[in-house]
Amino acid sequence: MKELKYPNYTSNYQIIPFSAESSTSLYAYTNKLLKFISDNENQNILGNLSYTLQTGRRDHTFRTSLVVEDETDLFSKLKNLKDTQQINFKKANHKSKPKIAFIYNGQGNQYTEMGLELYNKFSVFRESVDECSEFIKPHYPINFTEYLFNPKLKKELNKIHISSVALFILEYATTQLYKSLGVFPDIVLGHSLGEYTAACIAGNFEVKEALNLLVFRGKLMENNPQKGALLALNGNKEKIKELSDYFPDYFEVATINSPNQYVLCGLENKIYELKRYLESQDILHKVLPLSSGSHSSLMNTIEYEFYGFLSKNINFNKLNFPLISNISGKVVSKGEILDSTYWCKHLKNTVNFYGSTLELIKENVDIAIEIGPNNTLTTLIESYIDKTELYIVASIIKNESNLKIFYEAICSLWEIGIKVDWEALDINSFKKRIHIPTYAFDLSYYWINGQDKKRKNSIKTSEFNNNTAMKKSTPPTRELVSKLWSDILGVKNIKDSDNFFDLGGESLHLIQVQSSLRRKLNFGIDLQELYKHPTFNDLVHYLIKSEKDEVVQSYSNKYQGTSNLLSHIQQMTFNLPNFSTKKFFLGISLEINESVSIKTLKNTYKMLLEKHKMIRSIYKINNRKVFRSLIPMEHVKLDIMKFDLSMSEDINYDISKIETTLLEKIVSENKLLSKIALVKLNDYKFRVIWVISHLNSDSYSRAIIERDFIEIYTNLNVNGGNVESNDNIYISSYDQWIEECKSYANSDLGKEHLNYWREVKKGIKKTNKSIHSNESYYFNNQRTAKLTLTEEQTYILKSNLPYRYKVGFKEILYTLIYRTLCKWEDSSAAVFSINGHGRETSSFNTPLDFSDTVGFFVNNYPFFLENVNLDKFERTLEDITIEQNRIPLYGNSFNILKYLRENVDAHEVFKDFDLPDILVNYQGDLQSTDTLDTGWKKVGNNVLEQPSNSTPPYKLSLLGNIVNNRLNIELVYVNKFYNEESIIRLKNILLKEIEQLLKEKTNH
């Protein structure tokens, strides 16, 4: 590290930022951090804790941050934060980027060693100071940094041609430091001399020109024969008028700082005579340590020479962004030029700083950053503008640690929603990420009397499950959870401290856990509680307590929906080109090595139709409107079609023909969109084939149906085929989901979320990412390329990397694909559709459980991002993760608002706003969490898609899934729009991105 020329004490302050999606959750995380610090006392972890929180955690809505010097300081401040009961938590603005103003100090605030701590700490600051000093080297007998940091030159620093340049250099270097962290001004304002810095930052002139200008201006003012003085006075404009009448021609108003503070300028002898009078009247005042007559007619004698220098030596440029003028107190717009005439007026006219700050409010500035050697302007502005109207922070405060104050300013920026490049903050540090407390989830949960679990009508539900012939002993809770996590996440040796999400768990995995736990433990588990207890040990303790207390959650199993509502995703599907309900089906195939009882099969079918009512939904189109209705059980024909393929020469071909026959039977009957068949493969092997409308069942629903079929058939078979009615299932219905979605769509929150999609639409249109073509294309135009990784590669991607980066596997996959598409299209932006499971309910206020609900929950939405950092995978991942967190309702809001919001504002937003041409869909690696050894096995899963002459919704689909512990990525493309060579190039770019990431992980 470079030896410091001006060594001083540099504090080891650290920023501790943390956030959550609610203030309660943030409060809970404060407690977690307190315990963590207490448990790791004297372990010297502060730097690594700071770095991990900064770079290894997502930025949520509610935020707080601390600037601390050591662990003791952190513990004390965390405890104080806890005691304040959340009043210090701030809510970040996710709707739009907060608007930032930089405000620059004027002359009179300078002192030696100002900014020295920043000079020694940050190379960006130091390089800026040194560069400026080099520019003006010919004008001074010594290196200019001596004036800044050498206490022996204190008197020289008060000379105008030195002080004005010193202030500019400090302010310019501080600005470059902010920029290096990703903080840029939207508008600038300077106080008197500070307007030169503001103008330079806005692009009015180059930094070298600004420095030479200030050197010349300072010497010109020092040599002015009209020796002036400045006096600050506390008093209103009436008091100024009274003094002016009493002392005519003694002074002029140089600066209006506030309604009650003015700076007066006049000849030295007259200002000191005025001073004596003010003392006699006990009027608060102060003569400023500047021999200057600036902002008054005393500058008339040097104006002409100043104008000549400006005209000859300065190239004035258009402003890159707005600046608020000291002269007018109004905004000078982007593209305008402040020329020689302007700066001559600025030399002698009154500075209307008060009016300028009021303009900041009119410009809707969210936060103002004072840049200079002290907090003079912060104190001044806060005296007449409430913080609710303009939030202002200082960058440096005299007699306090530069580093501490600067860090506090960075904290303030981050807390209101401004993205900070934390890596740049500690670019030369040797910090590393460590294991720290995970997110403290705060999600509402509701209980009813535990005795309800013993209700008689619940006994009917569980009679066949508890039959002694089939009942298996439930393993201890710890063993059960460990096996569930291992089965679902593919991770062995679960430890107490393991976090479900750090091990690669996704929301859909958590729904699988919810379903299995409820069935194994025989009581309801709120999904929100699983989020709240993400670590293995926390979840086990929660479940043990719940079992002991006989806790049952109050899921609404008696929801009285109308059963004729159409969900947003169903409406979207009906809007697809050439869509046909007659060919949109899912296939289920289950095999067993024993004969199958027709009676038991029929009763199983009946019971499943009763339990999963959505299977009985049918659709009618009338006047281009679609209506859904439910076929009552008494009108359902429970016929089982039978086929014998024991003599077949081509089983696969004949199975395909049977599926086609089932489809034709469904279409011809024009009733229940479901048909089941029993197929004899040979004397000892039978297969059940069930075809269900995809409108009534998604892929996860198919897994529910398969599991329920196996369990119910096996139990009924033991009982001789008898069945008892079951009308008390503790699950939320599909109709309830639609009602909740509809309620959200027409709420104020839904209206607010429209703004996000309006912003996305604008961005997509700007980049013109869609393929525009009137040419017809069909499913038979689709072709497929495939990429398959090894088990080791898959394991690293799915388990190691999510744990390292503290994100889900989907975020890893989306980042790889985003980077691939940008490079494939040679663009800095990418847009694609994302498919999700749609069952995430934590944004609704009602405790809902869809882990066992059959329905069409699919969620798809456009994902758009531009100008993302592609230099490093980590930076791209961070940007994508942040954007994912901004998307309202996990993306569900797109189609919910588009199809369920009953207001013209939704029509305006979604008119001509279709899903992008490219689809990214991670289909997961759904594994059975059942332990029953029943003899049944699943035989493939297929979607019986639209006919070949129908139009696919996407021109290119990147479909990911894991089979046999290997990641497969299929590139399904329409050959009318993409040729084979282009797709091979896309595949190779993706493979290169994956290999590079794996290589970096191995090296790491």
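Over how many bridges do strand β6 and β9 pair, and in which sense? Strand β6 (residues 228-234) and β9 pair in the antiparallel sense over three bridges, where pairing requires that DSSP finds at least two bridges between two strands. This is a predicted model, in which local features need pLDDT of at least 70 and side-chain atom pairs count only at pLDDT 80 or more, while totals for chains, interfaces and linings use all residues. Residues are numbered from 1 along each chain as its sequence is written, and side-chain values use heavy atoms, with hydrogens and water left out.

**Sheet and helix**
- The open sheet consists of four strands in the order β7-β8-β6-β9 with antiparallel pairing, strands being DSSP runs of E with at least two residues and helices runs of H or I with at least four, numbered from the N terminus.
- Because β7 (252-258) and β9 (285-287) each have a single partner strand, they stand at the edges and one side of each is left without a neighbour in the sheet.

**Nonpolar cores**
- The largest nonpolar core holds 135 residues, of which Phe 709, Trp 757, Leu 797 and Ile 812 touch the most other members; such a core is a set of buried Ala, Val, Leu, Ile, Met, Phe, Trp, Tyr and Cys residues joined through side-chain atoms within 4.5 Å.
- Helix α30 (residues 809-825) gives this core its largest share, 10 residues.
- A second, separate core of 89 residues includes Met 221, Leu 323, Trp 343 and Ile 367.

**Whole chain**
- Of the 1004 residues in the protein chain, 57% are buried, meaning under 20% relative accessible area with a 1.4 Å probe, protein chains only.

Definitions and conventions. Buried < 20%, exposed > 50% of the residue type's maximum accessible area, 1.4 Å probe, protein only.
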